[in-house]
Amino acid sequence: MNFRFTYSSLQKPSIIVTPFSVCQIKATLKCSKKYGLQIRTRSGGHDSDGLSYISDVPYIVIDLRNLRKVKVNVDTKTAWVEAGATIGEVYYNIAKKSPVLGFPAGLCYTVGVGGHFSGGGYGILMRKYGLGGDNVVDVRILLANGKIVDRKYMGGNLFWALRGGGAASFGIVLSWKINLVDMPSSLTIATVQMDYELDSTKKIVHQWQTKADKFSKDFLLFVRILAGNSTTPGMINKPSLQATFFGVYLGEIDKLLPLVKKSFPELGLTRKDCTEMSWIQSILLFNGFPTNSSLDVLLNRTQSVMFSFKAKADYVKEEIPKDVFEKLAKRLYQVELGTAVLQLFPYGGRMDEIPESETPFPHRVGNLYELTYLTRWMEKGNDSDTENYLEWTKSAYSYMTPYVSKNPREAYLNYRDLDIGRNNYNGSATYEQASVWGSKYYKDNFKRLVYVKTNVDPTNFFRNEQSIPVYSS
């Protein structure tokens, strides 16, 4: 949960329902319609701008935490996942059944599958297998009319909409059926940290921009830049920008090293930078756990530390000039050390092969990488420092306007951003009004989403500040 939405003056829900059965969800739906209350459905509570658990109008929260069963079928390489499960619970159950199966979703193990799958859901297996939503093969959903339908009975349009269009606009997802993917018994994690203040590092980050999307599908190399204390001799403990390259290779070290030497020798990757481990151990590692930890840690649904955060995302289609990126990185000094991060996540591979219209998630071929601006801080949302952090993301985002995707400036639904546009306070909106933000998340797929919404929820019962609108006529 985003700590900035926990301050006391925020409007509270009329009631929080934590159902143990589908019947209780149906009863809550009926009750909310009778008393004119909006519904917010919470899976993991990670909505970046809080739309899964806050509202400006009277509302009910349906918290699905008690509906989180994960049933893995190793023979068919599929799993049914209840909508209240977290990514960590999905990964745990897969690993308990097989060491050579996985799923291409995100890294943060406390994120709920409900929003993650329905917004696309990217992660370290994206270049090999696409998004989490790309690997959903069936859905059970409760509609506003009280009916429960699956893929067979909902029709192709709604099934299409749920895998990237944000399920909260269409109903309450009860469970997802996913295709599991093959994993090697051992993969390689590479980590290379550099001082970004060095000209050599700036040059390597610049070269990464046009190389990372062209690597083998089996190799993903992303970059994080943040301000911290230098480890460079002569600058120890002085404020400095650090660039860390994280590599994930679906194979052994002996195959990765020659691959990188040929395709990106500037990185200077060596054997000591690499460690072989299983897929599930890599999930532990990226979440800050020792790789020999019990998998039970992935079942914890709450973060060890509560913090406020704000994220924005851009899609980069042409390399950003070196001097422009250097100035962007310098902005990391404008807030407390370590609280702001720039992440560069590469596209290419499988993402280039899936058409833009295959699902509502349109960010496919033509993107070099996704650029994320993230700030995290400890104060609650009404603290005097909060505006400084929010302003940092807005300022960095504004500075990059000439250098990222245009017409529209694309955005990622799972980094929800009300700054790019919103519906009326009660969730209603015209097509033109919602197109301001809808075209950024969905591009040309927005029109089809409105068509689907109008057919499955014509009274616009399921609505929020960025829900898909219905056609007025």
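Residues are termed buried when their relative accessible area is under 20%, exposed when it is over 50% and partly exposed in between, with a 1.4 Å probe and protein chains only. The structure is a predicted model, in which local features need pLDDT of at least 70 and side-chain atom pairs count only at pLDDT 80 or more, while totals for chains, interfaces and linings use all residues. Residues are numbered from 1 along each chain as its sequence is written, and side-chain values use heavy atoms, with hydrogens and water left out.

Asn 460, in the segment after H14, has a positive phi of about 55° although it is not a glycine, and at 9% relative accessibility it counts as buried. Asn 407 is found in the loop between H12 and H13 and has a phi near 50°, again a positive value in a residue other than glycine; at 80% relative accessibility, Asn 407 counts as exposed. The peptide bond that leads from Asn 407 to Pro 408 is cis, with omega near 5°, and Pro 408 lies in the loop between helix H12 (386-399) and H13. For context, most residues other than glycine have a negative phi, and most peptide bonds are trans.

Secondary-structure elements are DSSP runs numbered from the N terminus, with helices (H or I) of at least four residues and strands (E) of at least two. Strands are taken to pair if DSSP finds at least two bridges between them. Strand E15 (residues 308-316) is largely enclosed by the rest of the structure, because 9 of its 9 residues are buried. Both of its faces are covered, with Ser 308, Lys 310, Lys 312, Asp 314 and Val 316 buried on one side and Phe 309, Ala 311, Ala 313 and Tyr 315 buried on the other. E15 pairs with strand E17 (residues 369-377) in the antiparallel sense over 9 bridges, and Glu 370 in E17 is the bridge partner of Tyr 315.

An open sheet is formed by 5 strands in the order E4-E5-E9-E7-E8, with antiparallel pairing. Its edge strands, each pairing on one side only, are strand E4 (70-73) and strand E8 (148-149). Within this sheet, strand E5 (residues 78-82) and strand E9 (residues 172-179) run antiparallel and are joined by 5 bridges, with Ile 178 of E9 as the bridge partner of Ala 79. Helix H2 (residues 87-97) packs on the sheet and touches E4, E5 and E9, its direction making about 35° with that of E4; contact here means heavy atoms within 4.5 Å, and axes are lines fitted to C-alpha atoms, for helices over the stretch in contact, with angles from 0 to 180 degrees between N-to-C directions.

The axes of helix H13 (residues 431-442) and helix H14 (residues 445-456) come within 8 Å and cross at roughly 125°. H13 and H14 are therefore oblique to each other, on a scale where angles under 35 degrees count as roughly parallel, over 145 as roughly antiparallel, 65 to 115 as roughly perpendicular and the rest as oblique. The contact involves residues including Trp 437 and Tyr 442 of H13 and Phe 446 and Leu 449 of H14. Helix H7 (residues 199-208) and helix H10 (residues 322-330) pack at an angle of about 115°, with their axes 10 Å apart, and are therefore roughly perpendicular to each other. In this pair, Lys 202, Lys 203, Val 205 and His 206 of H7 meet Lys 322, Phe 325 and Glu 326 of H10.
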